[in-house]
Amino acid sequence: MEERVILEVKNLTIGYGKGGSAIKVVENISFALNSGEFILMLGCNGAGKSTLLRTLSAVQLPLAGEVKVCGESLMEITPRELSQRVSAVFTDKTMAGGLLVEEVVALGRYPYTGFFGTMTDEDRSVVQSALSLVGMQEKSKRYLSQLSDGERQKIMIAKALAQQTPLIILDEPTAFLDLPSRIEILYLLKQLAEEECKTIILSTHDVEQSLSVADKLLLFIDDKVKLASTTEAIESEDVARLFESRGIVFDKEKGAFVPKQKR
Amino acid sequence: MMSKRPLIILFVLTLLLFIANLFWGSVNIPFSDVLDILLGREVNSKMAESVVIQSRFPQAITALLAGAGLAAAGLLLQTAFSNPLAGPSILGITSGASLGVAVVMLIGGGALGAISGTMTSVLGAFIGAILTLGVIILFSMMVSSNVMLLIVGIMVGYVANSAITLLNFFASEQNVFSYTIWGMGNFSSVSFSDLPLFVIISLVGILLSILLIKPLNALLLGERYATNLGVNIKRTRILLLLCTGLLTAIVTSYCGPISFLGLAVPHVARLMTKSSNHYTLLPATLLAGSATALMCTLLCSMPWQSGVLPLNAITPIFGAPVIIYVIVNRSKIEYFN
């Protein structure tokens, strides 16, 4: 499939508040993402990863600049249109334990169904194919509460797929998972980006794991946001500078982060 | 698809209890007489006719709608605050409504004192309920922990009750007495002529709750997910506030501050339907609320020695065990996890 620009960020300033009392987190962010790209956001806590994700999903307003999804500014489309373009996965605790897995995924059809949320046959088949894409079809009649944390996260990803958006954003989707689940989720997302031609962007603290799986990295260094391909980012020492301020450096020989040697 | 069986069981149960309420009461009327009165046939006893038409029928309708309304209000609050232990009485909304009624009854008019549930006291209860709900929502933005929010609700309730105590202290003896009787709760205070107002306002509230089913389901995932799905959180919150405020107010102003129905019934409905999906859960909650209220009325007006028992003597006996059961078994109950 031909690559096209899905997300365009221009001179964006993210932060909280309004007017003079606004707290700017990061200024002047500009980048563009194509369809089918798998992007990982790296940076220290408080660098602005979550703030950027919230701004991209329009939960939070930008202080300046512009975000365009599929060529249209986030500010100019209705909430319903927005939810058909950007889907989100968080690590929020939900009260949905008493819903069946397929009912949770069916909530992804919310932006498409009518006033009472009645599902058409097409909606139902979208839900089933979303479940099979994450490999959870046989658990569709289980309660969400009966699943492991990793499985629950897959269901939330299936919900995002059922939303049929070109862009999926995930805020630390692997945060509470054990190592096998983390790796599984990361590679599942990469596969979905490639095969379903989705643009997938997620924040994570799994730096070493991300270097081997991401197409591009969105790096939060020194109050700036930089987009680079993974190899570029390693060669240009940008990855190495990620945690420099915290006394942690990248050891190229080991391919791992180590504390700075005291001389 | 979901099983319809619990809904059918609840519907039949509600229907049977409604009929039982017409045939049973503190006054003994032969079965055949009640049947004749209901079928519009002439009966010998004018007294019996008046009891069935003027007293039992309005009381059964009141219990039917009040139970459904309070239960729906409880369910809406539990989903909106992501807290299975929320409810109109726990969050202080009932106390707020009571304060509104107290202002009307104890200050507003000595003459009004004897009657609850006039248009003014409905309005007073509504303003009281909405104001408390507003305060709770304000605090819910500051306090993220659910347990802490419940405690805030209980505190707000205490403050409302302290104002009520103060009003009582300065009110006339007769007003205090009628306020106290009202406070014990009963479904018999809606007279035949008040019935249309009560029915219309309750039905508006119940209808509004049904219209909120779709966003309520999305809210099960939490506000951030709901926003991403396109739910207008602000508008939904305002509608939820109006709906729970209206339902709590109309029931409280006529029937008194009834405890436990709003808190416990949604749990009974969840356990019966084994689902948190509001498409089944809301109808089940409405029916279970009606059935519970009708059952309580029946128990209150069983031929006891001293007339009719106050409602608030019965509802905790149903409600408290349900809540304790749910808390003790929460690790085994799906919707808690």
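Guide: One definition is needed before the domains are discussed: the domain bounds come from an automatic or database domain assignment. The model itself is predicted.

Visitor: How far apart do the C-alpha centres of domain 1 of chain A and domain 2 of chain A lie?

Guide: Chain A is divided into domain 1, which takes in 1–85 + 166–263, and domain 2, which covers 92–164. Between the C-alpha centres of domain 1 of chain A and domain 2 of chain A, the separation is 25 Å.

Visitor: Which element gives the most to the side of domain 1 of chain A that touches domain 2 of chain A?

Guide: The contact draws twelve residues from domain 1 of chain A and eight residues from domain 2 of chain A. On the side of domain 1 of chain A that touches domain 2 of chain A, the elements giving two or more residues are helix 2 (79–83) and helix 6 (179–195) of chain A. By class, the residues on that side of domain 1 of chain A are seven nonpolar, three polar and two charged. With five residues, the element that gives the most to this side is helix 6 of chain A.

Visitor: And where the two chains meet, from which element does the largest share of the side of chain A that touches chain B come?

Guide: This contact takes 25 residues from chain A and 23 residues from chain B. The elements of chain A that give two or more residues to the side touching chain B are helix 2 and strand 6 (86–89), and the residues of that side of chain A comprise 14 nonpolar, eight polar and three charged. The largest share, four residues, comes from helix 2 of chain A.

Visitor: What percentage of the residues of chain A count as buried?

Guide: The cut-off to keep in mind is that a residue is buried if 20 or more other C-beta atoms lie within 10 Å of its own. Of the 263 residues of chain A, the share that count as buried is 42%.

Visitor: Which residue is the bridge partner of A:L7 in strand 4 of chain A?

Guide: Strand 1 (residues 5–16) of chain A pairs with strand 4 (residues 64–69) of chain A in the antiparallel sense, over five bridges. In strand 4 of chain A, the residue bridged to A:L7 is A:V69.

Visitor: Which residue in the turn between strand 4 and strand 5 of chain A has a positive phi?

Guide: Strand 4 of chain A also pairs with strand 5 (residues 72–73) of chain A, in the antiparallel sense and over two bridges, and in this pairing A:K68 stands opposite A:S73. The two strands form a hairpin with two residues between them, and the turn residue with a positive phi, about 50°, is A:C70.

Visitor: Turning to chain B, how many helices are there?

Guide: The C-alpha atoms of chain B fill a box of roughly 65 × 55 × 35 Å along the principal axes, and buried residues make up 51% of its 337 residues. Chain B has zero strands, and its helices number 14.

Visitor: How far does helix 11 of chain B reach from its first C-alpha to its last?

Guide: Helix 11 of chain B spans residues 233–255 and is followed by B:G256, whose phi is positive, near 90°. With 23 residues, and 1.5 Å a residue, the expected value is 33 Å, and helix 11 of chain B comes close to this with a reach of 32 Å.

Visitor: Is B:L7 buried, exposed or partly exposed?

Guide: B:L7 is found in helix 1 (residues 5–23) of chain B. Leaving aside neighbours within four places in sequence, B:L7 is in contact with B:T280, B:P283, B:A284 and B:L287. A buried residue needs 20 or more other C-beta atoms within 10 Å, and an exposed one has 12 or fewer. B:L7 has 19 other C-beta atoms within 10 Å, and B:L7 is therefore partly exposed.

Conventions:
Residues are numbered from 1 along each chain as its sequence is written. Chains are lettered from A and ligands numbered from 1 in the order in which they are written. This is a predicted model: local features need pLDDT of at least 70, side-chain atom pairs count only at pLDDT 80 or more; totals for chains, interfaces and linings use all residues. Two residues are in contact if their C-beta atoms, placed from the backbone, lie within 7 Å. Ala, Val, Leu, Ile, Met, Phe, Trp, Tyr, Cys and Pro count as nonpolar, Asp, Glu, Lys and Arg as charged, and the others, Gly among them, as polar. The expected span of a helix is 1.5 Å times one less than its number of residues. Two strands pair if DSSP finds at least two bridges between them.
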